[in-house]
Amino acid sequence: MSNTERVRVAGPVQELINRFRYSSQAPEPGFMARMRNPADGFDPFLIGHDTYVAWLSNPSQFPGIIGARMAPVWNNALGVLFVARPSIDSYGLVFHHGLMRNPWSIYGEGSWHGLGGTMAFPQMEAEPADLAPLMGSFGVRAVGEGAEEFDLETLTPDQRASVILMGAAVAVAGKGMAMTPKWRFIDEGLGKIGAPLNGVGGNKAILIHPPDDETLKIEAIRMLAQATLATGAYISGPDQNMGVASDKTQPPQWADYFAMEAPFHMAGSPFAHELVSGRPPSDYTGDGVYEGIKVGLRHVTGSNRSPIFIQGHGGVGQRVLQRAIQDNLMIAGISDPDLGKLGAAKGALDRAGQTAILVWDRKAARALGYDNTAIALMEGRARNFGFEIADGLVECMDVAMQKREVGNIGILSPNAGPHPITLKVLDALKRMGVQAVIGGANNMLALDEAGSYLPVARRALQLNIFIPNDSAINRMGATIVLYNALGLDDDKASELTRIVGERVRKEWFEAQLKGIPPQVYSDRYGKRSWNDAIARGEAIGGLFTEVLGNSDPAPTSGSSGGGGGGDGVLSVSLDEDAFGADHSDPVSPGTTSITLGGRAHRGVFPVRAGSGLPAAVRFARL
């Protein structure tokens with residue numbers, strides 16, 4: 001592959017590779033899991049002759065404007081595992097937000113682990129808020145309606161590489177951070193059914209590989225698996241474009257190739273180590289989402305005949321559709337950039353004697369890396385199949401609403417990327433009559449320049465659109481891949497899905513109806529619980545040194561150290577009475593209780609210099 005053909009390992013990615021000196025001596029497998037303090041990172045090394053492995057300990061190590069954009073979404077993470085192989089034009093980023101001492105690790109009890117899915121894409125296109133300043137630095141102007149579109153085909157390979165790395169880095173950081181409170185919700189549910197608590201932190205990985213070449217994608221997956229096995233702290237699960245086979249008699253899927261290379265580090269695959277082979281996660285995630293939809297129909301829209309729009313017919317969306325068909329719910333439409341998945345949705349509807357508008361999402365297909373020639377071919381096939389064609393989530397929903405001749409869409413269920421809920425999307429949803437957004441997609445709310453979802457969460461509250469916390473609702477897949485390690489059975493797994501519904505119901509009555517963004521309501525619990533685990537020495541990294549929503553910028557770099565209760569370790573405990581009588585402003589300044597060195601305090605506290613935290617941390621009530 002010539003340099004001119006490379007549009008992934010080019011520009012800033014090549015710069016990252018060239019920045020370090022790599023040892024030819026690979027360390028002992030699993031060394032990070034056994035380290036006294038994984039926040040110390042490691043010296044760069046090679047696997048074989050052309051796989052580069054390095055540790056990025058702070059956002060400034062990302063090149064140029066990408067590093068600046070990573071800073072507000074870093075959230076005191078431990079760091080990023082960077083692995084690249086130029087010969088196959090592929091690289092991976094594993095965002096280690098937090099690790100916990102684990103009781104069932106093959107590396108020994110008390111080893112450090114974090115778990116989150118691995119996503120795989122040929123490219124990532126950053127959202128306009130991130131893409132616009134990057135393109136501006138190239139002197140490239142936006143085109144199209146609203147001046148939000150850029151023609152990536154005209155960029156040089158180095159510029160394309162910058163766009164992809166920006167999208168990949170910001171996405172994996174946001175999703176990795178969100179996994180940390182999600183694991184607190186998981187342990188909350190496990191506690192309610194009497195199952196053992198789990199002991200992992202929140203991590204996430206993204207793999208960028210060449211399109212339209214299965215052999216190269218498999219090699220890229222093996223590359224990332226080898227680096228994961230060598231370092232040992234990250235345990236993956238199947239995620240977007242990384243499915244698993246149902247059992248070993250079936251042809252292996254993408255995540256199965258990872259499991260074959262690193263059996264303890266790909267949970268949910270039949271080829272994984274028996275402790276983490278678990279169950280394929282999609283059906284259980286879909287069941288949890290569907291429990292949330294039932295709450296939305298019962299309490300938010302007040303009618304089982306409220307039309308539902310399902311974005312994405314992958315594993316999760318497929319299960320949601322199956323459950324909706326069983327209950328004879330009204331499906332307004334289904335969108336997906338994959339024609340095969342739309343065909344499967346049509347088959348399911350036809351067999352049930354039901355109808356829905358099927359929409360091929362051209363914009364999503366383009367964002368997934370298909371070039372103009374491939375898009376034209378797919379568009380022709382979509383027309384031949386009788387599918388509608390639209391660009392983006394809002395347009396897909398508009399088409400479905402008009403063609404299905406329904407007055408409104410009551411519930412949107414987003415179950416795939418890349419369609420975050422922005423302020424502009426919220427206004428469109430209100431126009432369509434959407435009352436709830438309940439799906440399995442991670443990080444649905446778009447982040448602002450400071451890395452905060454609060455502007456979107458507040459606007460949703462103003463528009464009376466109920467959006468449950470996605471870390472709380474989309475937790476079943478991450479739980480079920482550890483089915484064996486946690487000693488679950490089918491009855492307990494079903495009970496856990498009902499607990500997801502309970503959380504959604506609480507967020508509706510105790511948050512939305514009281515004027516508190518549901519995301520804030522549940523994040524308060526998850527982040528407080530995580531900080532307490534750090535204070536007890538059970539967790540490391542990712543310390544939440546601010547509790548959503550004050551006007552001061554959040555800390556952007558550094559880690560929490562060993563998490564053993566020393567100077568600079570803060571355990572945030574919000575008082576229930578910290579809420580004022582007026583709940584209309586959920587983020588007005590106030591004080592909280594903080595445990596510092598074992599003593600409870602309130603107010604604004606200085607933090608020891610050099611701890612990786614700012615000189616003073618101003619807390620806010622929620």
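Analyst: Strand 4 (residues 90-96) pairs with strand 7 in the antiparallel sense, over 6 bridges. Strand 6 (residues 111-121) also pairs with strand 7, in the parallel sense and over 6 bridges. Strands are DSSP runs of E, at least two residues long, and helices are runs of H or I, at least four long; both are numbered from the N terminus. Pairing requires at least two DSSP bridges between the strands.

This is a predicted model, in which local features need pLDDT of at least 70 and side-chain atom pairs pLDDT 80 or more, while totals for chains, interfaces and linings use all residues. Residues are numbered from 1 along each chain as its sequence is written, and side-chain values use heavy atoms, without hydrogens or water.

L93 stands opposite I206. M119 stands opposite I206 too.

8 of its 8 residues (201-208) are buried, so the strand is largely enclosed by the rest of the structure. Buried means under 20% relative accessible area, exposed means over 50%, and partly exposed lies in between (1.4 Å probe, protein chains only). In a regular strand, side chains alternate between the two faces of the sheet. Both faces are covered here: G201, N203, A205 and L207 are buried on one side, and G202, K204, I206 and I208 on the other.

Next, the cores. The largest nonpolar core has 106 residues, and I293, L321, I334, W360, L482 and L488 have the most contacts inside it. Helix 6 (residues 214-231) gives this core the most, 9 residues. A second, separate core has 43 residues, including I206 and I208 as well as I17 and V170. A nonpolar core is a set of buried Ala, Val, Leu, Ile, Met, Phe, Trp, Tyr and Cys residues joined through side-chain atoms within 4.5 Å.

L482 touches W104, L115, W183, N198, A267 and V276, leaving out residues up to four places away in sequence. Contact means heavy atoms within 4.5 Å.

The loop between strand 7 and helix 6 holds D212. Most residues other than glycine have a negative phi. D212 has a positive phi, near 60°. D212 is exposed, with a relative accessible area of 70%. N241 has a positive phi of about 60° as well, and is not a glycine. N241 sits in the loop between strand 8 (234-238) and helix 7 (254-261). N241 is partly exposed, at 34% relative accessible area.

Elsewhere, two helices cross. The axes of helix 5 (residues 157-192) and helix 19 (residues 518-535) come within 8 Å and cross at roughly 90°. That makes helix 5 roughly perpendicular to helix 19, a label for angles of 65 to 115 degrees. Axes are lines fitted to C-alpha atoms, for helices over the stretch in contact, and angles run from 0 to 180 degrees between N-to-C directions. Helix 5 contributes M177, T180, P181, R184, F185 and E188; helix 19 contributes S522, D523, Y525, G526, K527, S529 and W530.

Terms used
Parallel < 35°, antiparallel > 145°, perpendicular 65-115°, else oblique.
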